[in-house]
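Here's a quick tour for anyone meeting this structure for the first time. Have a look at it, and then we'll walk through a few spots together.

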Amino acid sequence: LHLAAGGTEVQFVYGANGRGKTHYLLAVEAAARSKGFVTARIDCPIGASPFGSLRTTFEMVATSLAAPSGLDADAEAGVTSIIRAALADGAVYPAAEVVAGIKASKHLCPEFRNLVLAYGRGCRDDSLTPSVRDDLEALLAGSQTRSVTVGSLYKADKTLPRPLGRITTRNAANWLRSLLSLPFALGYPGVVIMFDETERAFHRLTARALQEQLAHLRNIVD
């Protein structure tokens, strides 16, 4: 009820190898989806810590989000999939109400909110060229491999709202907050994020790197 009312709660689960931590997260994921929550379960392999930087955290979460309707293993995941699902015909709320909820949210920074609106409306109306759609998807996912110039987007599609932006080291905290607030703004009851095997992320780190990653983790919790 606390989460469904827009609240936030953080829980840490500890157990020795083989004691069922992953199975527990799978059960939490299934229960959350059955209640309509967006979920993201992220494995934390050695050498690929989700807490190395907030940009990395953003990208890992953004590419792992799944709408509650995507229950099968082959369902598409990612922030763009939950936007399309919320605006699709037959969704829980009419598209006009969803758009109004996005605009009214106080937790979405303007450039991120406009990306969501541009992408959602474009997909709903089938008005995006493949190139513009790919660029908007890369920006929403925080991709660090696809280079996108916002100026070129405006040249390609003059109907796009302003401002649009991209995640950077400087604005990463605001973008991460926007990302985690987006499911509620889209009309879902909330989002449940699960980091599995997080202790792997802290292996073989120098003292300075460990403090930096713990600081990022505290920022995520805040």
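## A loop residue out in the open

Let's start with aspartate 126, which is exposed, with a relative accessible area of 67%. Keep in mind that this is a predicted model. You'll find aspartate 126 in the loop between helix 5 and helix 6 (130-140). Its phi is near 55°, a positive value in a residue other than glycine.

## Helix 4 meets helix 5

Now step back along the chain to a pair of helices. Helix 4 (residues 95-104) and helix 5 (residues 110-125) have axes that come within 10 Å and cross at roughly 165°. An angle over 145 degrees counts as roughly antiparallel, so that is how helix 4 and helix 5 run relative to each other. Their crossing is left-handed.

Which residues of helix 4 and helix 5 make the contact? On the helix 4 side there are Ala95, Val99, Ile102 and Lys103, and helix 5 brings Arg113, Val116, Leu117, Arg121 and Arg124. Sorted by class, that gives 5 nonpolar and 4 charged residues, with no polar ones.

The loop between helix 4 and helix 5 holds serine 105. Buried or exposed, where does serine 105 fall? Serine 105 has 15% relative accessibility, so it counts as buried. Setting aside neighbours within four places in sequence, serine 105 is in contact with Arg113 and Ala185.

## The nonpolar cores

In soluble globular proteins, nonpolar side chains tend to be buried together. Here, the largest nonpolar core has 50 residues, and the ones touching the most other members are Ile83, Phe112, Leu136, Leu179 and Leu186. Take isoleucine 83: not counting residues up to four places away in sequence, it touches Val116, Tyr119, Gly120, Leu140, Leu182 and Leu186.

There is also a second, separate core of 5 residues, and among them are Leu25, Phe37, Val192 and Met194.

Last stop: arginine 162, in the loop between helix 7 (150-156) and helix 8 (172-185). Proline 163 lies in the loop between helix 7 and helix 8 too. A cis peptide bond joins arginine 162 and proline 163, with omega about 0°.

Arginine 162 is exposed, at a relative accessible area of 62%. Leaving aside neighbours within four places in sequence, arginine 162 is in contact with Asn114 and Tyr154. Asparagine 114 is 48 residues away from arginine 162 along the chain, yet their C-alpha atoms are separated by 6.9 Å.

Definitions and conventions
Residues numbered from 1 in each chain as written. Predicted model: local features only at pLDDT ≥ 70, side-chain atom pairs only at ≥ 80, totals over all residues. Heavy atoms only, no water. Axes fitted to C-alpha atoms, helices over the stretch in contact; angles between N-to-C directions. Helix = DSSP H or I, 4+ residues; strand = E, 2+ residues; numbered from the N terminus. Parallel < 35°, antiparallel > 145°, perpendicular 65-115°, else oblique. Left-handed = near helix turned anticlockwise from the far one by under 90°. Contact = heavy atoms within 4.5 Å. Nonpolar A, V, L, I, M, F, W, Y, C, P; charged D, E, K, R; others polar. Core = buried A, V, L, I, M, F, W, Y, C linked by side-chain atoms within 4.5 Å. Buried < 20%, exposed > 50% of the residue type's maximum accessible area, 1.4 Å probe, protein only.
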